[in-house]
Amino acid sequence: MKTTRNCVEFILDGKILRLNFAEESAIKPTTTVLNYLRSIHGHKGVKEGCGEGDCGACTIVVAEEGIRGNLEYKALNSCLLFLPMLHGKQLITIENLAQKKGQEILLHPVQQAIVDEYGSQCGYCTPGMVLSMFSLYKNSPHAQEDSIKLALSGNLCRCTGYKSILNAAKIACSKGPEDHFTNGEDAVLELIHSIHKNTDPILLQTDDYQYYIPFTTEDLLHYKSGHPEALIIAGASDIALRQTKKNELLPNLIDISQLNDLKFIQEDHAGFYFGAGISIEELRDFSEDRYPALFNVLNVFGSHQIRHLATLGGNLATASPISDMIPILLVADASIRLISIHGQRELKLEEFIKGYRQTDLKADEIILMVRIPKNERITFINTYKVSRRKDVDISCVNGAFSVELSRNNRIDDIRIGFGGMAAQAKRAAITEAFLSGKQWERNVIEEAMQLLYTEFQPISDARAKAESRSILAGNLLMKFFLDVNYYTKTQADVI
Amino acid sequence: MSSEIRHESAIKHVTGEARFVNDLEPRKDVLYGLVVYSSEAHARIKDININAANELAGVISIVDYKNIPGQNQMGPVIHDEPCLAEDRVEFIGQAVLLIAAIDRETAIKASKLIHIEYEPLPSITSLEEAISSDNMLCPPRKIETGDLESGFAESAHCIEGEVRTGAQEHWYLETQTALAIPEEGDEITIHASSQHPSETQAIVAGVLGINRNLVVVEVQRMGGAFGGKETQANHVAAWAALLARHTGKAVKIHLFRDDDQIMTGKRHRFISRYKIGFTCEGKVLAYEVELNADAGYSTDLSRAILDRALFHTDNAYYIPNMRAVGYLWKTNLPSNTAFRGFGGPQGMAVIENAMDSIARFLGKDASEIRYKNFYKQHSENITHFGQNVENNSLEILYNELLISSDYNSRRSAIKEFNSKNEFAKRGLAITPVKFGISFTTSFLNQAAALVNIYQDGTVLLNHGGTEMGQGLHTKIIGIASNALGVDAEFIKVSSTNTSKVPNTSATAASSGSDLNGMAVNDAIGKLKKRISTAIANHWNAADPQNITKPENIVYQNNNLTDILYPKRIISFKDAVKIAYLRQTSLSATGFYSTPGIQYDPQKGKGTPFYYFVFSMAVSEVEIDVLTGGLKLLRTDILHDGGISLNPEIDKGQIAGGFVMGLGWCTTEVVEWDNSGHLLQHSPDTYKIPTISDIPFDFRINFLSNRTNPKTISNSKAIGEPPFMLSLSVWMASKDALTCCRDTFVGNNFDIPLAFELIINKFTFFNRQPK
């Protein structure tokens, strides 16, 4: 066993802050960044709006070193972020944005734009809104309306109707990314490097908590085999809710957010290979050009803040019945590779998902990666999500569809996967069997819709009634049918 | 220009400096207060065991109703709301016990150790059941005009239908919060997030059993309110005060989001039925409407809300023969309360749907039917409650908006789009708003102010209004800046404080700047008289040959000038100093009460409103019939705001009100299960609009050359009316759905038009029974 440390280090207000959890009784490893900031001097601008990452009032920005060696500025929900997750990163709060020159306050361009455009009314959502806009300003200068909306949809405002905020963002983002942070970036990177020199695992221990941060997969697997009961978190966007919403104690955690081994995206002639540690946002960015069907659903997955926190591995491990991710992976015939101290194994995702939030993951295993094979025979593949609200909403039903059509428009193979229709994300085996070998025609699809109406026995809950879900399953098939026809027609036109 | 002042707190907002109640830390040892609430919709409390919780380290105190030194009562109008439940609970979320602990974690731990044993009693958790079991809260209200029966007899056609409008959660970003600080003796200071500090003061005094002169309530700003903090902010304040009294320490209560949603009241859901008679041309002759409102377990403001709903059943339409009846029903749910529009939206929705149904029946465009029935200028201008509709701009709004929104050519484009698309359907609608301004409880239409001028020439304004983001303080600064001729930078609005301006009305009913602006103006008028007299004397003493009359002194460009002797000029700052040296009082109170309004609820007649606000919107939607997805393609709003006190702030109110209404009409669903549990109790399932939901093309304009001679600087109230412009989206959706297959949309149409309603109603394949 390697030596471990009992403290984390991150950058705040231009300096490295070293937190020793054994010495400071006011904090524990699962103290959220929100509660921490509100407990210290000079950082009360951050606000709690919901405690579940749905409103964005608690948004802060975390700057970390990107793959190109530059600083990337990520807007995150501080209500879901445990303090140790800041290790080796720069925490930027609302108090850091304006500069004070004597008596004069020099506002950051995004702040100035909000003031000029009357973009604040009550002011409670404003600090979070400013920081989301700041992250956009730094990362996507000259962002257009669509990207602005995507970046700000995780920040709820009840006063303005957003019109003034949208105007402010357009004005501010036309100026980015230069600002007073630009000049200090080298110094920040140096501080980050100095923190990262030490790659000994971190073990934060208090009377009630053990919080382990490995830096290599090897350290992780060793620790996990010795602590099979420990929960693994990466972004903690799901697990943190147990604390913030259900007031559970999370005494034993392994934080794999520092594990760069798990953050890879590769592609070859046979398929795609996605490391379990990549964020949903990274996967979304990649899939925009390389896998539109995946992109379509990831684009309406959580908020900007949540997509930066949540990881592919975390999403699969929770095995949610309304997962946005699993249906498309089921349809794409994805496999999942697991690793433990005893070696690796790969199984089909379908075998991995065992039931309602249940997987085949053994206590000493972790998810290494997901593999999606390339299948040239597929004519078309797509995903559809139905939710009450377009952005930042959990699916009522989501569907993924792929079809292989022969030259005479016969269905050689069709795969249909749903979230929200059963206790687990599931393929529509009966309807698939019915369609297989039939003609790709409207009347056949309408028959299949009726079949889908009865194939599942979904539940009624706060998001949708069972009846609606049953209707939607079929309706989504019809949407796919129309899309395939549109696609094949335009393809034919091109040829 | 005083009309171009930016939000007075904007820089504090964007830098995070703006402090809300939860940010205040007057002392190190502020205790955390937690409310333990009922888990039953209706039950007798058999036993409460707090022993284990009491023993937990860090728990300072646990109190129940027996620890209340004063009255166990916090009903604002009718005293039917206990501060803490005694032997019975009447809804899930009702406060039973209060815990004071050293921090949130400890308080939550303690709450888990408390055991309350209930004996369940029969409960009513649906409005239908309340109606069918005749569980009425108070006698029905009625407004009538003309002769309904002969109106129907004269009508060529008649339509009947039902409109259900859903509840709505306020979803202010800042949940209910209060900080209570015990002072000397029995005195106590409350930092509240309340729209109605005077009532908060009264209720805290009542619960503590002390006189009101011992309670100071201060409101710096609220993180949104929308009516949700008009009465129900009193609750957290009373609870925090009770814990502070009991522990002798400062106590803060900041409700967690889920608790706030579960415990507090919402917009009243209504089930409304209507019957409307009209001529072959679509002119309405008779309208009968019955409103059934879900009041929740107690009265709160429900009577006034039902009144306003009844006042707005006509919306913008002249109807000669009419009967509007309203019922308040009691359910075992949180007491529903004020919410932007205050019943107006529920009343208007019914007539808007009726107008649309008439158009469909007659095969005409709904815009024509609406236009035909608008109130006119000189005849057909008396409402069902007998008030004259003056300064009516409906026709101008309609004509200008129809052109600027390109209504007619878009109508043709939509027809073509719909004929080419099987599953995507577009719809278009124009809807008007006529909204009455004033508290309908007439005596509430009063306001007071206290204006202090200091020797350095700076001005501190105190008034009874509260700032919840609506820009009231900014407008008040603009009014003072105009009146004193002094730049805004020298003028500040103090936080609202009951010890400075007493006996205030709630900042509500869109009346904040109308009432408080006038009161501030009154105080400034007094001060100007005094200063002018002092300066006239000053000048005249130095040069007795030329006599300056005080009334000839004007205030502009930070100076005082005698208009007859322009060389007699002095800076405001110097003038103030001289006035002080000449022993002049530089502090004055102001007062205003709205003239000429009265209403007799027994007769259902009177002039409850000082004036009306008129506005209109055109919206175009596209509905994906397969998923129920709704895209709001474009909204054009044309608003008659008089001469706006601050056009950008008013545009912000219009956009904000419209989008809030959009949420009510589309994605915001509130449901309780049969046992009274709220299903959507967090933003996880309760969906207010995001930035992606606003119209792709969103145009807001003011009608030019309008004025309102009755008010401060000829302005008009702005807060509530824009909310109801969102009915244009609802009606455009109905228009789109009418184009779906051969489905008859019918005369019943509900709010919200959630996606489930669309796919259930318009599903195009035949469902085989399961």
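How far apart do the C-alpha centres of domain 1 of chain A and domain 2 of chain A lie? They lie 25 Å apart. This is a predicted model, in which local features need pLDDT of at least 70, side-chain atom pairs count only at pLDDT 80 or more, and totals for chains, interfaces and linings use all residues. Residues are numbered from 1 along each chain as its sequence is written, chains are lettered from A and ligands numbered from 1 in the order in which they are written, and side-chain values use heavy atoms, with hydrogens and water left out.

Start inside chain A. Its domain assignment gives domain 1 (7-96 + 183-255), domain 2 (109-178) and domain 3 (263-494); such bounds come from an automatic or database domain assignment. Where domain 1 of chain A meets domain 2 of chain A, the contact (heavy atoms within 4.5 Å) takes 18 residues from domain 1 and 14 residues from domain 2. The two domains bury about 1300 Å² between them, 63% of it on carbon and sulfur atoms. Buried area is the accessible area (1.4 Å probe) that two parts lose on being put together, summed over both. Thr59(A), Tyr73(A) and Ile94(A) supply 40% of the area that domain 1 buries here.

One salt bridge crosses this interface. The term means a side-chain nitrogen of Lys or Arg within 4 Å of a carboxyl oxygen of Asp or Glu. Glu185(A) forms a salt bridge with Lys138(A), the closest N and O atoms being 3.8 Å apart.

Now step out to the two chains. The contact takes 83 residues from chain A and 86 residues from chain B. Together the chains bury about 7100 Å², 58% of it on carbon and sulfur atoms. In chain A, Tyr118(A), Arg158(A) and Arg388(A) lose the most area to chain B. The rule finds 14 salt bridges across this interface. One of them joins Glu48(A) to Arg104(B), with the closest N and O atoms 2.8 Å apart.

Finish with one residue of chain B. Ser405(B) lies in the loop between α12 (394-404) and α13 (407-420) of chain B. These helices are DSSP runs (H or I, at least four residues), numbered from the N terminus. Is Ser405(B) buried or exposed? Ser405(B) is buried, because its relative accessible area is 0%; buried means under 20%, exposed over 50%, partly exposed in between (1.4 Å probe, protein chains only). Its side chain reaches the backbone oxygen of Leu401(B) at 2.7 Å. Ser405(B) also touches Arg410(B), Val618(B), Arg634(B) and Asp636(B), not counting residues up to four places away in sequence.

Conventions
Helices (H or I, at least four residues) and strands (E, at least two) are DSSP runs, numbered from the N terminus. A polar contact is a pair of N or O atoms within 3.5 Å; within protein, one must be able to donate a hydrogen and the other to accept it, and residues adjacent in sequence count only if both atoms are side-chain atoms.
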